[in-house]
Each structure stands twice: as C-alpha cells, then as structure tokens.
Amino acid sequence: AIEAGAHAYAASSGRYRPLTKWKAKDGKLLGSIALPMQVGTVGGTIKVHPTAAAALSLLNVDSTAHLAEVIACVGLAQNLAALKALATEGIQRGHMSMHARSVVARMLPNETEEVREKVLKALVASRDVRESKVPVVYKEVTGKDL
C-alpha cells in the first residue's frame, strides 16, 4: 500500500517526479524523501499479530511519527543503493553479483571466506550463475570435488 501510494504521489502533478532529493553539503551527503503514508503502532492487528509486535519491539519505536521516520530512512537507503547501482555497475549486473553471492553461500556454507570469494569471482566471470555451475567452479578453484 505504501509503494502504491508513493507511485501515485510521484505522478500527482501529471508527470512522474522523484520522491527523493540528494545534495552534498560540508562533505556530507544529505538526502530527503517526501511520500504520503499512514502508519500505526496501536489498534487493528498490531497488538495481536506477533510479527508486527516483534518488529515494533525490535525497532524500538515510541510513536507513529518515529515509525514513519524509520520507514522513510529505509526508503532513502534503498534509493541511494539504486542510484549507486545505476551510476556504477548497473542494476542487472549488481543483481547478478548479489545472486551469485547468495548461490555460493548456500552451496559452500562450511567453506572458508577466502575460498568462497575465489569461487564467487570465478562464477561471476563465467557469466553462468547457477547452482549446478558451483561444483564445476569449486573444482577449478580448489582442485577438489564438492
């Protein structure tokens, strides 16, 4: 619901506009985000839903305004990550690198970080990021069967 509201808000002027603004000031990067959202910390299922209660407890929020600020910070962080990906390696390549890291971690949970990094580098270089490729790359890197 928040994402749908954000998209509607971004297009409310008749043109799709950014929700975030970034600027550098005194050697620091400052970001702001404007989006409409309704959040709550009491009522409805909040009190009876264990996951909602755990999330609020983990965040240690003391008001709906505080929760909204946390949500806005997450939005800013996601936006900055997307901008970084667009400005550097690109969304597709960045996603594939992240996917490759996940595959290697899943396939080599008991291996050293050094070996996992070598396998990851070789897997990405092969441009064939599949679980079935990991044993092949592992053998190339370590000389051992998986």
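**Salt bridges, a pocket and a nonpolar patch**

Q: Is R101 buried, exposed or something in between, and what is its relative accessible area?
A: In this predicted model, R101 is partly exposed, with a relative accessible area of 44%.

Q: What does the R101 side chain meet in a salt bridge?
A: The side chain of R101 meets that of E117, at 2.8 Å from N to O. The pair links distant parts of the chain, 16 residues apart, with R101 in helix 4 (residues 91–107) and E117 in helix 5 (residues 113–126). E117 also counts as partly exposed, at 33% relative accessibility.

Q: How many salt bridges does the count come to?
A: The count comes to six salt bridges, and among them is the one between E131 and R106, where the closest N and O atoms are 2.8 Å apart. E131 lies in the loop between helix 5 and helix 6 (134–142) and R106 lies in helix 4, so this pair ties together parts that are 25 residues apart in sequence.

Q: Changing topic, how much space lies in the largest pocket?
A: About 400 Å³ of space lies in the largest pocket, and of the 16 residues that line it, the closest to its centre are A6, L19, I33, L35 and G75.

Q: Which element gives the most to that lining?
A: Helix 3 gives the most, with five residues, while by class the lining has nine nonpolar, five polar and two charged residues.

Q: And which residues make the nonpolar surface patch?
A: The patch, of about 470 Å², is made by L29, L80, L83, L86 and I91, and its largest share, three residues, comes from helix 3 (residues 64–87).

Conventions. Residues are numbered from 1 along each chain as its sequence is written. This is a predicted model: local features need pLDDT of at least 70, side-chain atom pairs count only at pLDDT 80 or more; totals for chains, interfaces and linings use all residues. Side-chain values use heavy atoms; hydrogens and water are left out. Patches are made of residues with over 30% relative accessible area and no salt bridge: like charges are joined within 9 Å, nonpolar side chains (Val, Leu, Ile, Met, Phe, Trp, Tyr) within 5 Å. Accessible areas come from the Shrake-Rupley method with a 1.4 Å probe; for residues, only the protein chains shown count as cover. A salt bridge is a side-chain nitrogen of Lys or Arg within 4 Å of a carboxyl oxygen of Asp or Glu. Helices (H or I, at least four residues) and strands (E, at least two) are DSSP runs, numbered from the N terminus. On a 1 Å grid over the protein atoms alone, a cavity is a set of points where a 1.4 Å probe fits but cannot get out, and a pocket is an open set with protein on both sides within 12 Å along at least five of seven lines; lining residues have an atom within 4 Å of a point. Grid points are joined across faces, edges and corners, and a volume is the space filled by probe spheres set on the points. Ala, Val, Leu, Ile, Met, Phe, Trp, Tyr, Cys and Pro count as nonpolar, Asp, Glu, Lys and Arg as charged, and the others, Gly among them, as polar. Buried means under 20% relative accessible area, exposed over 50%, partly exposed in between (1.4 Å probe, protein chains only).
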